Structure formats: C-alpha cells, structure tokens
Amino acid sequence: LHAITNAAAQSASGTKDSAAVFALINKADKYLNEENYDSAIAYCNKAEVMAKAGDYKFGEAYAIIKAADVYIAKDELDKSEAAASIVNKLGLQIKDSLITAIGILQSRCLKKRWITSWQNIHTIIQHWRIMTLVIHGVL
C-alpha cells in the first residue's frame with residue numbers, strides 16, 4: 001500500500017512539476033511575442049533548470065526549443081544552432097520523434113536560412129503542444 005501511495009504522490013508531483021515547467025515556457029513565449037528577448041531567455045533558462053532538477057527531459061527539450069526561437073528572433077543563429085543540436089540529442093535520448101524532428105528542422109532551417117518557413121511550422125507545433133497538454137490533463 002505504501003508503494004502505491006508513494007507512486008501516486010510522485011505522479012502527482014511530476015504533473016505539478018511539468019505544469020510549472022510549461023508555465024515558465026509560456027511566460028517565455030509571451031516575452032518573445034513582446035520582443036522582450038532577455039526576459040524570454042531568462043524564463044527559458046528557469047524552465048530548463050527546473051526540468052533538469054526533476055529529470056524531466058521532455059520539459060527540458062521544450063525549454064531549449066523556445067530558447068532557440070528567441071535566438072532566431074534575435075538573429076543569434078550560432079546560439080540557435082547549438083540549442084537545436086541539444087534538442088536533437090535529447091529527442092533521440094528519450095526516443096521522442098517530435099522533439100528530434102524539431103531539433104533537426106530548427107537546425108536545417110538555420111543552415112538554409114529558412115526562418116520564415118520555420119516560424120510557420122512552429123505555429124503548427126505550438127498548437128500541437130497545447131493539444132497534447134490538454135489531452136494529458138496538464139492544462
């Protein structure tokens with residue numbers, strides 16, 4: 001019985017932690033949309049640190065994906081390329097094909113300077129992410 005209760009508590013804590021990570025990512029997105037890039041990066045970093053502390057690689061990847069978006073907007077393409085590489089590695093590590101695809105896509109978009117195409121695709125991915133969070137009961 002104790003093991004079941006402990007597992008349930010860890011699951012509830014994990015859901016709470018994932019919601020907190022994505023709340024920080026959403027704040028970063030808000031600041032990105034307002035072109036307040038320093039604040040956006042600060043929230044991405046907070047989300048990444050929180051995700052790492054909870055060994056929540058999915059959240060860590062999305063925090064870095066958002067940071068790459070900010071670097072693209074700031075035209076800091078070297079930093080965005082480095083972030084995309086990390087995202088790709090995380091996606092492969094956790095066997096998440098969407099995260100891997102985003103990392104590859106970000107990297108290729110940067111290499112070929114297809115920023116506008118990436119932003120259109122990113123909008124679709126943002127909608128998918130929100131739907132996933134709703135389905136999983138996080139939002």
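Tyr62 is buried, with a relative accessible area of 4%, where buried stands for under 20% relative accessible area, exposed for over 50% and partly exposed for the range in between, computed with a 1.4 Å probe on protein chains only. The model is a predicted one, in which local features need pLDDT of at least 70 and side-chain atom pairs count only at pLDDT 80 or more, whereas totals for chains, interfaces and linings use all residues. Residues are numbered from 1 along each chain as its sequence is written, and side-chain values rest on heavy atoms, with hydrogens and water left out.

**Aromatic residues**

A pair of aromatic rings is described by the distance of the centres and the angle of the planes. Rings of Phe, Tyr and Trp (its six-membered ring) pair if their centres lie within 6.5 Å, and planes under 30 degrees apart count as stacked, over 60 as edge-to-face and the rest as tilted. The structure holds six aromatic pairs. In one of them, the ring centres of Phe22 and Phe58 are 6.0 Å apart and the planes stand at 50 degrees, so this pair is tilted. Phe22 belongs to helix H1 (residues 2-33) and Phe58 to helix H3 (residues 57-73), so that the pair links distant parts of the chain, 36 residues apart. Phe22 is buried, at a relative accessible area of 2%. Phe58 also forms a tilted pair with Tyr62, at 4.9 Å centre to centre and 55 degrees between the planes. Phe22, Tyr56, Phe58 and Tyr62 form one aromatic cluster.

Charged side chains are also placed over rings, which requires NZ of Lys or CZ of Arg within 6 Å of the ring centre and within 35 degrees of the ring normal. Lys30 lies over the face of Tyr31, at 4.5 Å from the ring centre, and the charged end of Lys46 sits over the ring of Tyr43, 4.7 Å from its centre.

Axes are lines fitted to C-alpha atoms, for helices over the stretch in contact, and angles run from 0 to 180 degrees between N-to-C directions. Angles under 35 degrees count as roughly parallel, over 145 as roughly antiparallel, 65 to 115 as roughly perpendicular and the rest as oblique.

| Helices | Angle | Axis distance |
|---|---|---|
| H2 (residues 37-53) and H3 | about 165 degrees | 8 Å |
| H3 and H4 | roughly 160 degrees | within 8 Å |

H3 is therefore roughly antiparallel to H4, and H2 and H3 are likewise roughly antiparallel to each other. The crossing of H2 and H3 is left-handed, as is the crossing of H3 and H4; the term left-handed applies if the near helix is turned anticlockwise from the far one by less than a right angle, and right-handed if clockwise. Contact means heavy atoms within 4.5 Å. Between H2 and H3, the residues that meet include Ala40, Ile41 and Cys44 in H2 and Gly59, Ala63 and Ala67 in H3.

Lys57 is found in helix H3 and counts as partly exposed at 23% relative accessibility. Not counting residues up to four places away in sequence, Lys57 touches Leu90, Gln93 and Ile94; the C-alpha atoms of Lys57 and Ile94 are 7.3 Å apart in space, although the two residues are 37 apart in sequence.

Asp96 is placed in the loop between helix H4 (77-93) and helix H5 (97-112), and it is buried, with a relative accessible area of 18%. With residues up to four places away in sequence again left out, Asp96 touches Phe58 and Gly91.

Ile102 is found in helix H5 and counts as buried at 1% relative accessibility. Ile102 and Ile125 are 23 residues apart in sequence and 8.7 Å apart in space, C-alpha to C-alpha.

Notes:
Helix = DSSP H or I, 4+ residues; strand = E, 2+ residues; numbered from the N terminus.
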